[in-house]
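Thanks for coming. I will go through one structure on the screen, sheet by sheet, and then turn to the rings.

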Amino acid sequence: MTDEADKATDMGRRTLLQTAGAAVVTGLVAGTATDARAAAQDAMSSAARDEAPLGARLQGVQHLGLTVQNMERAYQFYTEVLGGTEVFRHGDFQGDGVQNTLLADQEIEANARGVNPRTIGVPDLRSGAQRLDVRFIQFDNMVLELLQYREADQPMGSAKSFAEPVEHMSPAFPRMMHICFYVRDDVDFNKFIADLEAESARRGMTQVRANRTIRVMTEADRKAAPRSANTNRVAAEPSNGWELIYCKGPEGEQLEFVKALGPVKQRFSEALAKRQQTIVR
């Protein structure tokens, strides 16, 4: 490439970054951080975007996925108890394409071990012996996807999954994940947890039990703990202002509910603003 071409390329990049940076600043002044990022992304041409760092090619997290044993039970919890809104549902997925897309790595692993894929929990969507159903649930700033792998002779929404659920799901196990819900600042957190447990129990979802901040050795002890022990309030920097509880969901999944108040809320806000200003480079 000639010196003139190099200079032209640098000038083009500089103009692009200046335009995008201006869009970010304008968005931050005029609206939300989301608006700023959208403005910055709009300022980039498709060709420039394809050469940008990987992070600059993302729009954020689209959804979290949770594989469930009982689709209707999980759906009821996330819509009727926690108030999510169904986006759409789709099901009966089967065939070679979906098998390869979702499960190729697991089939390679089974082949390397010299075992039948079913022995390590791999369904046979290829032949249609098993099927996959999904439902998407919208919350204010996050989408949750519920997935169920079932036998072909089981109806959609079945209480029976293809594979057995993993038991004793301690959050200390590597690869364990959790879903965290953001509780509004003005909500009584201790009462929220008590109401969550009561509503879940009323629906027969006995897995939904929140931990306490005091030591309990039996379920009777946990139930007898004072309501003030529901919420862990963190005072140590840099987490000061963080409030949280851990509990299991109806499928045994790990859930967290948090508030971010005061200093920790400010730290998150500042980090988001900084990201929006520097995402396009």
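Four strands make up an open sheet here, in the order β5-β8-β7-β6, and the pairing is mixed. Helices (H or I, at least four residues) and strands (E, at least two) are DSSP runs, numbered from the N terminus. Two strands pair if DSSP finds at least two bridges between them. This is a predicted model: local features need pLDDT of at least 70, side-chain atom pairs count only at pLDDT 80 or more, and totals for chains, interfaces and linings use all residues. Residues are numbered from 1 along each chain as its sequence is written, and side-chain values use heavy atoms, with hydrogens and water left out.

Two bridges pair β6 with β7 (residues 242–248) in the antiparallel sense. Asn 232 has Leu 244 in β7 as its bridge partner.

Now the other sheet. It is open too, with four strands ordered β1-β4-β3-β2 and mixed pairing. Its edges are β1 (64–67) and β2 (85–93); each has a single partner strand, so one side of each is left without a neighbour in the sheet. From one strand to the next, the twist averages 20°. β2 and β3 (residues 130–138) run antiparallel and are joined by six bridges. Opposite Phe 93 stands Leu 132 in β3.

Which helix packs on this sheet? Helix α4 (residues 71–81) does, touching β1, β2, β3 and β4 (143–151). Contact here means heavy atoms within 4.5 Å. The direction of α4 makes about 5° with that of β3. For such angles, axes are lines fitted to C-alpha atoms, for helices over the stretch in contact, and angles run from 0 to 180 degrees between N-to-C directions.

Several residues of α4 are buried, among them Met 71, Ala 74, Phe 77 and Val 81. Buried means under 20% relative accessible area, exposed over 50%, and partly exposed in between (1.4 Å probe, protein chains only). After α4 comes Gly 83, with a positive phi near 85°.

Next, the rings. There are eight aromatic pairs in the structure. Rings of Phe, Tyr and Trp (its six-membered ring) pair if their centres lie within 6.5 Å; planes under 30 degrees apart count as stacked, over 60 as edge-to-face and the rest as tilted.

Phe 139 and Phe 181 make an edge-to-face pair, 5.1 Å centre to centre with 70° between the planes. Phe 139 is in the loop between β3 and β4 and Phe 181 in strand β5 (residues 178–182), so the pair ties together parts 42 residues apart in sequence. Both Phe 139 and Phe 181 are buried. They belong to a cluster linked by ring pairs, which also includes Phe 77 and Tyr 78.

Last, Tyr 75. Arg 89 lies over the face of Tyr 75, at 5.1 Å from the ring centre, and Arg 135 lies over the face of Tyr 75 at 4.9 Å. A charge sits over a ring if NZ of Lys or CZ of Arg is within 6 Å of the ring centre and within 35 degrees of the ring normal.
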